[in-house]
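Take a first look at the model below. Then read on for a short tour.

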Amino acid sequence: MRSHLTVISVTLMHILALAFFALFLWIGLSTWQDIVAGKPVVDTQTGLRYLLLPLILPILHIMSIVGRKLSSSDKNRLPKRQGDIFVIAVIMLFAGGWLLEARYFSLLEDNGYQPCENSSSGIRSVFITYTKDTSLCPA
Amino acid sequence: MSNSQQLHNTINANPEELHIMPLDEFREIAHKLRDTASDNFDAGAAVTLISPAQDVLLARSLINEVGLTGRAVTKNVNGTTYVILKGYPGLRQTLNGTRYLASHPKIVDLAIGQRGVSRNLVKGTRLTIYLTVPVNVLQYLVNEEVTLSRLIGSTATDLTKIGLATLVGAGAAYAAGAVTTVAAGPLIAAIAVGLATGFTLDYLDGKFGVTNALVAALETAHDRTIGEVGRQIHQFERNLIERAISHMGFRY
């Protein structure tokens, strides 16, 4: 019973982590399509970087599976280096997300979009409307 | 001690400051606050990051305690859950033993194991709620365009989002505890998945306009109940006045 619950929750969390990554790609792609189509108004929100962080779960799982498979070999140090790999993965995911988000907003500005003054906030992000013509900003 | 002396001491023991200002002055301060807030950062989104920042600090102290390679295994023996720490106990500052009960205060404080992470998540959620609600109220007070329905609607959706993000974060901590023995794994997984869930709920809210729909529904409900009663009272008063005038024999 307990192991079934564990398997279900682990599978669900992996699916969720991949869904977050897919959403990251989807937001980036749809904004790119809006830019290419020359849409006058593009709605964006900050905090895209957070969507990459849940990938730490599949990384942890792969790490532990690989570690268990290789643990039979005495010379292999991977199981003992799990903590190091984990910290490097967290830093890389966070820094990567940060850089990609910065690139996302600079892409909009490079293509002549400007942020509107009015913005609203959610719990993890700020909604900003980018436009080529500030008269189109929402009131 | 005389009565007046006693009264004097009582007052001095409980000092309270009260600032009274004219409405114009408050409005001026509110405008300044609003302009400063919109120029520099968004207070609403900023305060919700305090709890994840605290979690990151906790993860740091956990890594400091058990090391980067610190590993913890949870084992259930005769219905009692133990946390077994790998590595040399002599190198650790607080956790000098090799085996602790999962409910041990030292283990719970460092958010090791399911119980520790859950307690930390609840603490973080409580803090976020304590910060989010006053900020929403402050934004309502300083912004002339925000209605009471908007305040209630946005607070309700914010609290729902915070609750859902915590729930998913707890699930992630459980899953991480099942797949890895890295001591900081569940805590970091809970932070990461909680942040991503919060962002996604914001995205879905913006896309489908849940908060706006709730605000509109509240305004409609207000209009149909309190608004309707107000209109009926107004109509009743009007009719009463008209009838009184017509009884008096005036025409207008």
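The paragraphs below go from chain A to its sheet, then to the cores and a pair of helices.

This is a predicted model. Begin with chain A. It has three helices and three strands. Along the sequence, these elements follow the pattern α-β-α-α-β-β. Chain A has 139 residues, and 29% of them count as buried. Now consider its contacts between residues with a separation of 6 or more. Residues 24 or more positions apart account for 63% of those contacts.

Next, the strands. They form an open sheet of three strands in chain A, in the order S1-S3-S2. The pairing is antiparallel. Strand S1 (41-45) and strand S2 (114-121) of chain A are the edge strands, and each pairs on one side only. From one strand to the next, the twist averages 25 degrees. Look at S2(A) beside strand S3 (residues 126-131) of chain A. Five bridges join this antiparallel pair. Within the sheet, A:Ser119 stands opposite A:Ile128, a residue of S3(A).

Now turn to the nonpolar cores. In soluble globular proteins, nonpolar side chains tend to be buried together. The largest nonpolar core here has 62 residues. Residues of both chains are among those with the most contacts inside this core, including A:Ile56, B:Leu62 and B:Leu187. Helix H8 (residues 185-208) of chain B gives the core its largest share, twelve residues. Another core lies apart from the largest one and has five residues. Among them are A:Leu108, A:Tyr113, A:Phe127 and A:Ile128.

What does B:Ala172 touch, not counting residues up to four places away in sequence? In chain A, it touches A:Met13 and A:Leu57. In chain B, B:Ala172 touches B:Ala189, B:Ala190 and B:Val193.

Helix H2 (residues 56-70) of chain A packs with H8(B) at an angle of about 155 degrees. Their axes are 10 Å apart. Why is H2(A) called roughly antiparallel to H8(B)? Because angles over 145 degrees count as roughly antiparallel, the angle of about 155 degrees makes H2(A) roughly antiparallel to H8(B). From H2(A), the residues that meet H8(B) are A:Ile56, A:Leu57 and A:Leu60. They meet B:Gly185, B:Ile188, B:Ala189 and B:Ala192 in H8(B). By class, this contact has six nonpolar residues, one polar residue and no charged residues.

Technical notes. Residues are numbered from 1 along each chain as its sequence is written. Chains are lettered from A and ligands numbered from 1 in the order in which they are written. This is a predicted model: local features need pLDDT of at least 70, side-chain atom pairs count only at pLDDT 80 or more; totals for chains, interfaces and linings use all residues. A nonpolar core is a set of buried Ala, Val, Leu, Ile, Met, Phe, Trp, Tyr and Cys residues joined through C-beta atoms within 7 Å. A residue is buried if 20 or more other C-beta atoms lie within 10 Å of its own, exposed if 12 or fewer, and partly exposed in between; C-beta atoms are placed from the backbone. Helices (H or I, at least four residues) and strands (E, at least two) are DSSP runs, numbered from the N terminus. Two residues are in contact if their C-beta atoms, placed from the backbone, lie within 7 Å. Axes are lines fitted to C-alpha atoms, for helices over the stretch in contact, and angles run from 0 to 180 degrees between N-to-C directions. Angles under 35 degrees count as roughly parallel, over 145 as roughly antiparallel, 65 to 115 as roughly perpendicular and the rest as oblique. Ala, Val, Leu, Ile, Met, Phe, Trp, Tyr, Cys and Pro count as nonpolar, Asp, Glu, Lys and Arg as charged, and the others, Gly among them, as polar. Two strands pair if DSSP finds at least two bridges between them.
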